[in-house]
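The tour goes from one selection to the next.

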Amino acid sequence: WYQRRVRGAPVSVQFTDATSVFLVSYDTSASGRWFIDPFGYLNVRDVFSRPSTTFACDYNLVGQYNLQWSWDCNSVELTPNFDSCERRRNRYSGLTLRRELTKCASRPGDAWDGVVSGGKYCGQAVNVTLGAGSTALVNLPSGSINSKWTWDKNNFLNVVDGRSPSCLEACSSSVHGLYSAVYSNDCSTLTLTAVSDACNARAAVYDGLVLYKRFPHKKAREEVIAYETETEIQFNFGGMIPPLPCCVAGDKCKSVVAATWLTKLPTTSS
C-alpha cells in the first residue's frame, strides 16, 4: 500500500547545509543526512518524517547509492548499491534529481494572503506585508505580529518574532523558526513547510501555509514576473556536485531538457 501510494509522486529536495536535506512530497516532509564518501557513493540516513513517522527509516540504517551524473551536473540518478530499508530503497531506486533555478524573490512592499491549514486558526485568513530591513507584519485573527523574515543561502526562510503588543501569541525573540519556502513557477505563490520551530503556536500557522501574492492590477503582476525572471540564482546542491565534468570517460551521460530539482519518485518498485 505504501509503495503504491508514493509511486510517481513529485518530490522537492532542498539542502540545508553540506550534508542535511529536507524533502517534501504532498503532505509528507522528511529530514535526512546525505554525504558522498571518498569512493563517490551517496550515503543516506533518515532523521525524521511527519506527519507519519513510518516514512523515515531508522537512523542507524544507512543506505548507499550510486550516482549517475549528467555531463553538466544538472541531473543525477540514484541507484542502490545497498540499503536494508526496503521502503526507502523502493523510493530512491531510479530517483532522478534535476536542478531547479530559483528565479523569485520577495521585496519590501510585497503583500501576501493565505488561509491557515492547521491549529486553532485553521480555515481563517492570514496576510503578510513585507517591509524594509527584512521586517514582516503578520496579521492573524488575534492581532498583528512584528516578525523578521530572512532567507539563507539555501533559500530557507528564517523567522523571528519581535515585540508585538497587539498579539499575545508572538513567540519569544530567542526562538527561531526555519521553514522551507517554495515559490510557484510564476512567483505568485509561496508554500511554507516547517523544518524546525520550537514555538508550536507559530508552527501551527506557518506549516503548510500557502501564500498568494497580492497584485494591485493585472499589469503589475506581469511587470513583476517579467522582472523576477531576468536574474536566476543557482540552487546550492550542498556540496554534492563533483568537479566538472561530471561524466568521466566511459560513463553514459544523459541529456537534460529541463533543469529543476523538483522530480518524481520512480514509477516502478521492487
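How many aromatic pairs does the rule give? The rule pairs rings of Phe, Tyr and Trp (its six-membered ring) if their centres lie within 6.5 Å, with planes under 30 degrees apart counted as stacked, over 60 as edge-to-face and the rest as tilted. The count comes to six.

Select W34 and Y92. Their ring centres are 5.8 Å apart and the planes meet at 75°, so this pair is edge-to-face. W34 belongs to strand β3 (residues 28–36) and Y92 to helix α2 (residues 86–92), so the pair ties together parts that are 58 residues apart in sequence. Helices (H or I, at least four residues) and strands (E, at least two) are DSSP runs, numbered from the N terminus. W34 is buried at 1% relative accessibility, and Y92 is buried at 4%. Buried means under 20% relative accessible area, exposed over 50%, and partly exposed in between (1.4 Å probe, protein chains only).

This is a predicted model: local features need pLDDT of at least 70 and side-chain atom pairs count only at pLDDT 80 or more, while totals for chains, interfaces and linings use all residues. Residues are numbered from 1 along each chain as its sequence is written, and side-chain values use heavy atoms, with hydrogens and water left out.

Next, select W149 and W151. They form an edge-to-face pair, 6.3 Å centre to centre with 70° between the planes. W149 is buried, with a relative accessible area of 4%, whereas W151 is partly exposed at 29%.

Now show strand β11 (residues 143–151) with strand β10 (residues 135–140); the two run antiparallel, joined by six bridges. Strands pair if DSSP finds at least two bridges between them. β10 and β11 make a hairpin with two residues between them, and V138 stands opposite I145 in β11. On to strand β12 (residues 156–161), which pairs with β11 in the antiparallel sense over five bridges. Here K148 is opposite V160 in β12.

Two arginines come next. The charged end of R45 sits over the ring of Y59, 4.8 Å from its centre. That of R91 sits over the ring of F55, 3.9 Å from its centre. The rule asks for NZ of Lys or CZ of Arg within 6 Å of the ring centre and within 35 degrees of the ring normal.

Finally, select the whole protein chain. It has four helices and 16 strands, and buried residues make up 44% of its 270 residues.
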